[in-house]
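The following paragraphs walk through one protein model, from its overall make-up to selected contacts. Please keep the sequence and the 3D view open while reading.

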Amino acid sequence: MGLLVLAVPLAALGMPTALAVRRHDDPLARSLALRRVGLGIICVFAAMVGVFLAGEALDNPGGWEAIGMIAGWAAPLAVVALFAWLRPRWALRVFGMAAAVLVALNAMTLVAVHAVEVFARASDPARDIAGVIIMAALGVAGYKIPEWAARLVIITFVLTLAVSLFSASAGDVVSLILISSPPLASAAYYIAAERVSMAAVAEPVPPVRTPVRV
């Protein structure tokens, strides 16, 4: 699963990038193409994680209980994605704070208090799903507000990685890097799109010469 997740952003850095950069001469159109690639990475990432989680649930426990578990995360993901698309500024605030809460919960494991460790082990699956939902929401909001969403994704990853280096095993750290690679790739596209757009706005417009009538 990890290698499959990692293959998504690596594949997205090839042909789509070349098309986005070379196909469009207009910088604004090029910026839009880059944002579309970034959004596409997030959509594929969410779909892959959803298929993986659905397969796990259908395998164990299976039956109607599995359907209830799938609906338990699929419905919030759909609502969150719609909210991020329609209200991207509010979504950045809400899910920025949610990301800070998740980082704080992960950091609590460094305290080494028994109650905290028990809570951390019990909430691991829910926290993982919440992390995927938050990253997906930031990715959707980033289509309309690229730079700020990209910054939140990068900051969340860096802080989570810093905590994991002290509290998790080497295998867990590698898994974190693999599962975070698609959102990070999407953030890179959004930053590139914002830079192209800003360069286009800052570029001076050549004066229009009007013909002189004699």
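In what order do the elements of the protein chain run from the N terminus on? They run α-α-α-α-α-α-α-α-α, so the chain is described by helices and strands taken as DSSP runs, numbered from the N terminus (helices are H or I with at least four residues, strands E with at least two). The count is nine helices and zero strands.

The model is predicted, so local features need pLDDT of at least 70 and side-chain atom pairs count only at pLDDT 80 or more, while totals for chains, interfaces and linings use all residues. Residues are numbered from 1 along each chain as its sequence is written, and side-chain values use heavy atoms, with hydrogens and water left out.

Some totals come before the details. Of the 214 residues in the protein chain, 37% are buried; buried means under 20% relative accessible area, exposed means over 50%, and partly exposed is in between (1.4 Å probe, protein chains only). The chain exposes about 12700 Å², and carbon and sulfur atoms supply 71% of that area. Accessible areas come from the Shrake-Rupley method with a 1.4 Å probe, and for residues only the protein chains shown count as cover. Among contacts with a separation of 6 or more, 75% are between residues 24 or more positions apart, a contact being heavy atoms within 4.5 Å.

Helix α4 covers residues 63-86, and helix α5 covers residues 88-108. Their axes come within 5 Å and cross at roughly 125°. Axes here are lines fitted to C-alpha atoms, for helices over the stretch in contact, and angles run from 0 to 180 degrees between N-to-C directions. The two helices are therefore oblique to each other, because angles under 35 degrees count as roughly parallel, over 145 as roughly antiparallel, 65 to 115 as roughly perpendicular, and the rest as oblique. On the α4 side the contact involves Val80, Phe83, Ala84, Trp85 and Leu86, and on the α5 side Pro88, Trp90, Ala91, Val94 and Phe95.

Leu82 lies in α4 and counts as exposed because its relative accessibility is 51%. Together with Trp85 and Leu86, Leu82 makes a nonpolar surface patch of about 300 Å². Patches are made of residues with over 30% relative accessible area and no salt bridge; nonpolar side chains (Val, Leu, Ile, Met, Phe, Trp, Tyr) are joined within 5 Å, like charges within 9 Å.

Trp85 is also one of the residues touched by Leu39. Leu39 is found in helix α3, residues 27-59, and is buried, with a relative accessible area of 15%. Leaving out residues up to four places away in sequence, Leu39 touches Trp85, Gly139, Val140, Tyr143, Ser186 and Tyr190. Leu39 and Val140 are 101 residues apart in sequence, yet their C-alpha atoms are 6.3 Å apart in space. From Pro27 to Val196 the sequence separation is 169 residues, and the C-alpha to C-alpha distance is 6.1 Å.

How do α5 and α8 lie relative to each other, roughly parallel or roughly antiparallel? Their axes come within 9 Å and cross at roughly 5°, and the helices are therefore roughly parallel. Leu92, Gly96, Ala99, Val103, Asn106 and Ala107 of α5 make this contact with Trp148, Ala149, Leu152, Thr156, Leu159, Thr160 and Val163 of α8. Ser167 also lies in α8 and is partly exposed, with a relative accessible area of 38%. Ser167 and Leu110 are 57 residues apart in sequence and 6.2 Å apart between C-alpha atoms.

Charged pairs come last. Side chains of opposite charge can pair when their charged atoms come close. A salt bridge is a side-chain nitrogen of Lys or Arg within 4 Å of a carboxyl oxygen of Asp or Glu, and a search of the whole structure finds two. In one, Arg151 pairs with Glu147, with the closest N and O atoms 3.0 Å apart. Both residues lie in α8 (residues 146-167), four residues apart, about one turn of the helix. Arg151 is partly exposed at 36%, whereas Glu147 is buried at 14%. Glu147 also forms a salt bridge with Arg195, the closest N and O atoms again being 3.0 Å apart. This pair links distant parts of the chain, with Glu147 in α8 and Arg195 in helix α9 (residues 170-202), 48 residues apart. Arg195 counts as partly exposed at 44% relative accessibility. Through shared partners, the salt bridges join Glu147, Arg151 and Arg195 into one network.
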